[in-house]
Amino acid sequence: MKKLLIICICVSFLSCKNESKLPDPLEAGWEGETVCEVIHEDDKMRILKCIFQPGVGHEKHEHQPHFGYTLKGGTFSITDSKGTKTIEVETGTTWNKDEVSEHEVLNVGDTTAEYLIIESK
């Protein structure tokens, strides 16, 4: 009986893991089309290049901690847990996220935007 109780408790804890059902940035696309490609990957990092034509976005997805760099800026509508906002992202803008984050974006401007996402493994 004691052994059964221990097994039930272990199974209960394992089934309560908070696993995301969201795709990562590479898996996420827009209306069935890919927006990111791997430009480098090794055992320490993965670098993605993501291109957003006007009217193209990135479906809701999850990022592990990462560093980002804007190759070509643009105007985006970004929806995350805090709501939706429209921002102008300038070429050369960088950002760093130390925790897991999730969002959806849409290029609402009239120029093509490009980003690099650098993820540690």
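Author: Contact here means heavy atoms within 4.5 Å. The structure discussed is a predicted model.

Reader: Which residues does Asn-107 touch, not counting residues up to four places away in sequence?

Author: Asn-107 belongs to strand β10, which covers residues 101–107. Leaving out residues up to four places away in sequence, the residues that Asn-107 touches are Phe-52, Gln-53, Pro-54, Gly-55, Val-56, Gly-57, Thr-75, Phe-76, Thr-112 and Ala-113.

Reader: Is Asn-107 buried or exposed?

Author: A residue counts as buried under 20% relative accessible area. Asn-107 has a relative accessible area of 1%, so Asn-107 is buried.

Reader: How many helices and strands are in the protein chain, and in what pattern?

Author: Along the sequence, the pattern of the protein chain is α-β-β-β-β-β-β-β-β-β-β-β. The count is one helix and 11 strands.

Reader: Which strands are the edge strands of the open sheet of four strands?

Author: This open sheet has the order β5-β10-β7-β8, with antiparallel pairing. An edge strand here pairs on one side only, and that holds for β5 (57–63) and β8 (83–89). From one strand to the next, the twist averages 25°. The edge strands are therefore β5 and β8.

Reader: How many bridges join β7 and β8?

Author: The two strands form a hairpin, with two residues between them. Among the bridge partners, Gly-74 has Val-89 in β8, and Ile-78 has Lys-85 in β8. The antiparallel pairing of β7 and β8 runs over seven bridges.

Reader: Which residue in β10 does Ile-78 stand opposite?

Author: β7 also pairs with β10, in the antiparallel sense and over four bridges. In that pairing, the residue of β10 opposite Ile-78 is Val-105.

Reader: Why is the pair of Phe-52 and Phe-76 edge-to-face?

Author: A pair of aromatic rings is described by the distance of the centres and the angle of the planes. Rings pair if their centres lie within 6.5 Å, and planes over 60 degrees apart count as edge-to-face. The centres of Phe-52 and Phe-76 are 5.7 Å apart and their planes stand at 85°, so the pair is edge-to-face.

Reader: How many residues apart in sequence are the parts that the pair of Phe-52 and Phe-76 ties together?

Author: Both Phe-52 and Phe-76 are buried. Phe-52 lies in strand β4 (residues 45–52) and Phe-76 in strand β7 (residues 74–80), so the parts tied together are 24 residues apart in sequence.

Reader: What is the angle between the planes of Phe-76 and Tyr-115?

Author: Phe-76 lies in strand β7 and Tyr-115 in strand β11 (residues 113–120), 39 residues apart, and the pair links these distant parts of the chain. Phe-76 counts as buried at 2% relative accessibility, and Tyr-115 counts as buried at 8%. The pair of Phe-76 and Tyr-115 is edge-to-face, with 5.6 Å centre to centre and an angle between the planes of 65°.

Reader: Which residues do ring pairs link into a cluster?

Author: The count of aromatic pairs comes to four. Ring pairs link these residues into a cluster: Phe-52, Phe-76, Trp-95 and Tyr-115.

Reader: Which residues that line the largest pocket are the closest to its centre?

Author: About 620 Å³ of space lies in the largest pocket. Its lining has 25 residues, and the closest to the centre are Ile-78, Trp-95, Lys-97, His-103 and Val-105.

Reader: Which element gives the largest share of the lining of the largest pocket?

Author: Two or more residues of the lining come from each of β4, β5, β6 (66–72), β7, β8, β9 (94–97), β10 and β11. The largest share is four residues, and the element that gives it is β10.

Reader: What separates the C-alpha atoms of His-58 and Pro-25?

Author: His-58 lies in strand β5 and is buried, with a relative accessible area of 3%. Leaving aside neighbours within four places in sequence, its contacts include Pro-25, Trp-30, Phe-52 and Val-105. His-58 and Pro-25 are 33 residues apart along the chain, and their C-alpha atoms are separated by 8.0 Å.

Reader: What share of the 121 residues in the protein chain do buried residues make up?

Author: Among contacts in the protein chain with a separation of 6 or more, residues 24 or more positions apart account for 72%. The share of buried residues in the protein chain is 29%.

Terms used
Residues numbered from 1 in each chain as written. Predicted model: local features only at pLDDT ≥ 70, side-chain atom pairs only at ≥ 80, totals over all residues. Heavy atoms only, no water. Buried < 20%, exposed > 50% of the residue type's maximum accessible area, 1.4 Å probe, protein only. Phe/Tyr/Trp six-rings, centres within 6.5 Å; stacked < 30°, edge-to-face > 60°. Axes fitted to C-alpha atoms, helices over the stretch in contact; angles between N-to-C directions. 1 Å grid on protein atoms, 1.4 Å probe; cavity = no way out; pocket = protein on both sides within 12 Å on 5 of 7 lines; lining within 4 Å. Points joined across faces, edges and corners; volume = space filled by probe spheres on them.
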